[in-house]
Amino acid sequence: MKNLMANVTAKATMKMMAAKARVKEMLRDERGEVNLIAILLIIVVVVGLVIIFRDNIEDLIDSIFNNINEGIEEV
C-alpha cells in the first residue's frame with residue numbers, strides 16, 4: 001500500500017511540475033501580445049476617425065437613404 005501511495009504521489013508531483021513549467025512557458029511567450037496591441041491600436045484609430053468625421057458620415061448615410069427612397073418612389 002505504501003508503494004502505491006508513493007507512486008501516486010510521485011506521479012502527481014511530476015504532473016504538477018510539468019503543468020507549472022507549461023504555465024511559465026506560456027507566460028513568457030509574447031507572440032500573441034503583439035497582435036493584441038496592434039488590434040487595439042487599429043480599433044482606437046477607427047473610433048477616432050468616426051468621431052472626427054461623424055457629421056460627414058451622417059450626411060453620407062442620409063444621402064444614401066434619400067437616394068434609395070427616391071428610387072423606390074420612382075418604381
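Helices here are DSSP runs of H or I with at least four residues, and strands are runs of E with at least two. With that in hand, you can look at this predicted model and find three helices and zero strands in the chain. Reading along the sequence gives the pattern α-α-α.

The chain has 75 residues, and 0% of them count as buried.

Which residues meet in a salt bridge? The side chains of Arg54 and Glu58 do, at 3.2 Å from N to O. The count for the model comes to one salt bridge. Side chains of opposite charge can pair when their charged atoms come close. Both Arg54 and Glu58 belong to helix α3, which covers residues 54-74, and they sit four residues apart, about one turn of the helix.

Are these two partners buried or exposed? Exposed means over 50% relative accessible area, so Arg54, at 53%, counts as exposed. Glu58 has 37%, which lies between the 20% and 50% limits, so Glu58 is partly exposed.

| Residue | Relative accessible area | Class |
|---|---|---|
| Arg54 | 53% | exposed |
| Glu58 | 37% | partly exposed |

Finally, a word on confidence. The chain has a mean pLDDT of 85, and 89% of its residues reach 70 or more. Confidence is lowest in helix α1 (residues 2-28), with a mean of 82, and highest in α3, with a mean of 91. Where pLDDT is low, the predicted coordinates should not be read in detail.

Methods: Residues are numbered from 1 along each chain as its sequence is written. This is a predicted model: local features need pLDDT of at least 70, side-chain atom pairs count only at pLDDT 80 or more; totals for chains, interfaces and linings use all residues. Side-chain values use heavy atoms; hydrogens and water are left out. Buried means under 20% relative accessible area, exposed over 50%, partly exposed in between (1.4 Å probe, protein chains only). A salt bridge is a side-chain nitrogen of Lys or Arg within 4 Å of a carboxyl oxygen of Asp or Glu. pLDDT is the predictor's confidence in each residue, from 0 to 100.
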